[in-house]
Amino acid sequence: VAAVVAVGAVSLDGLGIREPSSALPSTVTSGTWLCPHGGGEGYEGTVSVANPGDQPVTIRVTELDAEASAPPSELEVAPGSQLGVTISATQRSSATFVESFGGWVAAGWLIRGGEGGGGVGAEPCAPVAGRDWVSAAPATGEGEQAFLVVMNPFDVDAVFDVAIFSGGGRAPVRHADLSDVTLKPRRSTAIRLNLYAQGEDALGVSVEVSTGRVAASTLVVADGRGIGSVLASAGTTPRQVLLTPSATGRSSLAVAIPSLSDAAASPPEAVGQIGSTFSATLRSEDAPQPAGGLVERSQEPASAALHPIVTTGPSGIDLVVSEGEPVVAALRTVGLGGDIGATAGSVAPAKSWVVTPTVAGQPSRAGLLLLNPGTSTATVTVTSIPDEGEQASEIGMSIPAGTVAAAPRGFMDGVAGSSLLVVSEGSPVVALGASTSLGNEGLSLFGLAAGMPIPETETETETP
């Protein structure tokens, strides 16, 4: 999981536009991306597919909802370019399945609210389907509607159970309607969590699949506060780092300890119901300090809790479990226009990333945060991956150990609608897209999306 974030002492090399370096070679012949983005009446959606390689890649795009799957469309993504695919996002259950052939591509979604639900939600798609998914992102407080979106793009039924857990010592909700849920082939579904847990500022949700494979996300629609869209995590972790730009400085850290086999199903000693003890450190331009007073905080098993966090400038929450069960977390930040941005962070630092667009329209203020969690300086090159036929731009950045840098606004203004290729020499880094767009000089809508690491080429070894 992405590690320490801090702001300050950032030196930038070559602030002007430079000639772009050569694209990365393609190393994967096929792949999939699962995008359980959801939506609603009047919503608009785009899946951006970025090809950082040096060969064209063919993609097959299939749209799913609760009733049917649309006929697939085959498209080509030119080398070093991106393709924005307009997709349907008019149902809470809307989802998109992307298959690629001939090279590696990255895919991320962006949905824009309509009909009384303005806001933007941006996320990376999931590279694989899984058997277990967990999330700390949903909430059903005043004026909030929360949905669990589950997609099954394959040709066999998927069968799964859903558990919902909150705070206050309440037992997890395992309703009959949420047990042995059968999702037909090439379908998606949206479960309204308010029906089972209303009035909760923090909810955890787990999806346990007994047959097949699925991908899942959560969508929160808040009256007057936009939408939050977060891809669920394929498991818990003892450490998680969540980045956010300055926005208004009002953030909340949601921490959930899911119980994939809770005490109602097995004796406590059989499932290790010991809860967790964790600490969270706020990294910013100031000295490191406890985030929200979270020092050796204990939390009971099968529970969720929300902690207010005040941030100044680009910041990160470094959450570490010191004892007990691993956790899952999500960071919610309120944008300057009141729209909610949410992220579950990144899995680990990597040498190279693709970040798909988080801008919903013009005017905009596009942003890119880069974290160097290592002990040595990272020399980073950021190259735009524009629409086919447009000129790429490039910039170099030198990021000292243990710091986070925001890409210069002058550079970002010129690449606002493009995907971004991030390549680090030396220490691996973590990338996050964070943008505001539309209205009030581009500040109305707020979107966060973690980058997608590019798989490293497998090292060839001699056969003994």
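# Notebook: a look around a predicted chain

**Entry 1, the whole chain.** I started with the surface: the chain exposes about 17,800 Å², and 50% of that comes from carbon and sulfur atoms. Next I checked how much is tucked away, and buried residues make up 55% of the 464 residues. For secondary structure I got 2 helices and 36 strands. Then I looked at contacts between residues at least 6 apart in sequence, and found that 81% of them join residues at least 24 apart.

How many disulfides does the structure hold? I found 1. The disulfide joins Cys35 to Cys125, with an S to S distance of 2.1 Å. Cys35 sits in strand β2 (residues 30-35), while Cys125 is in the loop between β9 (120-124) and β10 (132-135). The two are 90 residues apart, so I wrote the pair down as a link between distant parts of the chain. I also looked up the handedness: the torsion about the S-S bond of Cys35 and Cys125 is about 105°, so this disulfide is right-handed. Are these two cysteines buried or exposed? Both Cys35 and Cys125 are buried.

I moved on to the pockets and went for the largest pocket, which holds about 840 Å³ of space. It is lined by 41 residues, and the closest to its centre are Cys125, Pro127, Leu231, Val347 and Pro453. Sorting the lining of the largest pocket by type gave me 26 nonpolar, 14 polar and 1 charged.

**Entry 4, the cavities.** I counted 4 cavities of 30 Å³ or more in the structure. The largest cavity has a volume of about 80 Å³. Its lining is made of 15 residues, and those nearest the centre are Pro357, Thr358, Gly367, Ser418 and Leu420. Where does the largest share of that lining come from? It comes from strand β34 (residues 430-437), which gives 3 residues. By type, the lining of the largest cavity divides into 9 nonpolar and 6 polar residues, with no charged ones.

I picked out Thr211, which lies in strand β15 (residues 204-211). Its relative accessibility is 38%, so Thr211 counts as partly exposed. Leaving out residues up to four places away in sequence, I saw that Thr211 touches Arg131, Asp157, Ala158 and Val159. I also checked Phe160: Thr211 and Phe160 are 51 residues apart in sequence, but their C-alpha atoms are 7.0 Å apart in space.

My last stop was Ser94, in the loop between β6 (81-87) and β7 (95-101). Why does Ser94 count as buried? It has 2% relative accessibility, and buried means under 20%. I listed what Ser94 touches, again skipping residues up to four places away in sequence: Pro36, His37, Gly38, Leu64, Ser88, Ala89, Val149 and Ser188.

Note on methods:
Residues numbered from 1 in each chain as written. Predicted model: local features only at pLDDT ≥ 70, side-chain atom pairs only at ≥ 80, totals over all residues. Heavy atoms only, no water. 1 Å grid on protein atoms, 1.4 Å probe; cavity = no way out; pocket = protein on both sides within 12 Å on 5 of 7 lines; lining within 4 Å. Points joined across faces, edges and corners; volume = space filled by probe spheres on them. Helix = DSSP H or I, 4+ residues; strand = E, 2+ residues; numbered from the N terminus. Nonpolar A, V, L, I, M, F, W, Y, C, P; charged D, E, K, R; others polar. Disulfide = S-S within 2.5 Å. Buried < 20%, exposed > 50% of the residue type's maximum accessible area, 1.4 Å probe, protein only. Contact = heavy atoms within 4.5 Å. Areas by Shrake-Rupley, 256 points an atom, 1.4 Å probe, with all protein chains shown as cover.
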